[in-house]
Amino acid sequence: MIRVLIVEDETIIRQGIRSLIHWGAMDCQVVGECTNGLEAVSFLKETKVDIVITDIKMPGMDGLELCKHIYENYPSIQTIILTAYSEFTYAQTALKLRVHNYVIKTKFVKELPPAIEETVQYIKNLEQANSIQNRDHMKSLIFSGILDGSIAEPSKISYWLGQYNLDLENYFIVLSEMIFPGQFS
């Protein structure tokens with residue numbers, strides 16, 4: 001389940017985001033709410049979060065400062081900015097901070113769910129790509145272990161092949177010996 005943090009200083013908007021969106025249908029769970037960026041920074045130190053939805057204008061630390069903090073310290077967290085301001089300079093700054101989406105507050109009931117769904121899909125695609133890379137890396141290590149003898153017992157070979165759902169029927173090993181000119185003179 002994708003873990004979401006809502007950062008919004010206006011109580012009615014924060015509660016609206018939490019209650020008007022069907023989080024479970026998007027495979028999401030709201031794990032916290034903060035009223036400004038400073039609270040969010042503290043929250044992020046203690047709690048795993050996948051998506052932060054933040055307002056721009058807030059007391060203490062605003063949303064752009066929070067996005068900068070996330071960008072520098074939590075690169076895997078995706079951010080969505082929710083704001084009453086449609087000024088291009090805000091959007092431009094948000095792009096530099098790798099904000100995943102930018103939604104205007106007056107349209108959040110209609111536009112926030114698709115923005116969240118798009119972000120969730122992006123996270124799942126990243127996880128799948130990382131999983132495939134990890135599987136390929138582990139496959140290489142397992143086969144190297146079989147070849148160099150560090151994985152030699154049939155039970156260990158079966159265990160490691162089973163861990164990564166690998167099948168030896170599609171692989172073959174070629175051993176060769178190189179003979180250099182003058183080696184046997």
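Colleague: Which residues is Asp-55 in contact with, leaving aside its neighbours within four places in sequence?

Modeller: In this predicted model, Asp-55 is in contact with Val-7, Glu-8, Asp-9, Gly-63, Leu-82, Thr-83 and Lys-105.

Colleague: Where does Asp-55 lie?

Modeller: In the loop between β3 (51-54) and α3.

Colleague: Buried or exposed?

Modeller: Asp-55 has a relative accessible area of 2%; the cut-off for buried is under 20%, so Asp-55 counts as buried.

Colleague: On to α3. Which of its residues are buried?

Modeller: Helix α3 covers residues 63-73, and its buried residues are Gly-63, Leu-64, Leu-66, Cys-67, His-69 and Ile-70. Gly-63 is also one of the contacts of Asp-55.

Colleague: What does the side chain of Asp-62 reach at the start of α3?

Modeller: The backbone nitrogen of Leu-64: a side-chain oxygen of Asp-62 comes to within 3.0 Å of that atom.

Colleague: Now the sheet. What is the strand order?

Modeller: β2-β1-β3-β4-β5, an open sheet of five strands with parallel pairing. At the edges are β2 (28-34) and β5 (101-104); each has a single partner strand, so one side of each lacks a neighbour in the sheet. From one strand to the next, the twist averages 20 degrees.

Colleague: How many bridges join β4 to β5?

Modeller: Four, with β4 (residues 78-83) and β5 running parallel. Leu-82 has Val-103 in β5 as its bridge partner, and Leu-82 is also in contact with Asp-55.

Colleague: Which strands does helix α1 touch?

Modeller: Helix α1 (residues 11-20) packs on the sheet and touches β1 (2-7), β2 and β4. Its direction makes about 170 degrees with that of β2.

Technical notes:
Residues are numbered from 1 along each chain as its sequence is written. This is a predicted model: local features need pLDDT of at least 70, side-chain atom pairs count only at pLDDT 80 or more; totals for chains, interfaces and linings use all residues. Side-chain values use heavy atoms; hydrogens and water are left out. Buried means under 20% relative accessible area, exposed over 50%, partly exposed in between (1.4 Å probe, protein chains only). Helices (H or I, at least four residues) and strands (E, at least two) are DSSP runs, numbered from the N terminus. A polar contact is a pair of N or O atoms within 3.5 Å; within protein, one must be able to donate a hydrogen and the other to accept it, and residues adjacent in sequence count only if both atoms are side-chain atoms. Contact means heavy atoms within 4.5 Å. Two strands pair if DSSP finds at least two bridges between them. Axes are lines fitted to C-alpha atoms, for helices over the stretch in contact, and angles run from 0 to 180 degrees between N-to-C directions.
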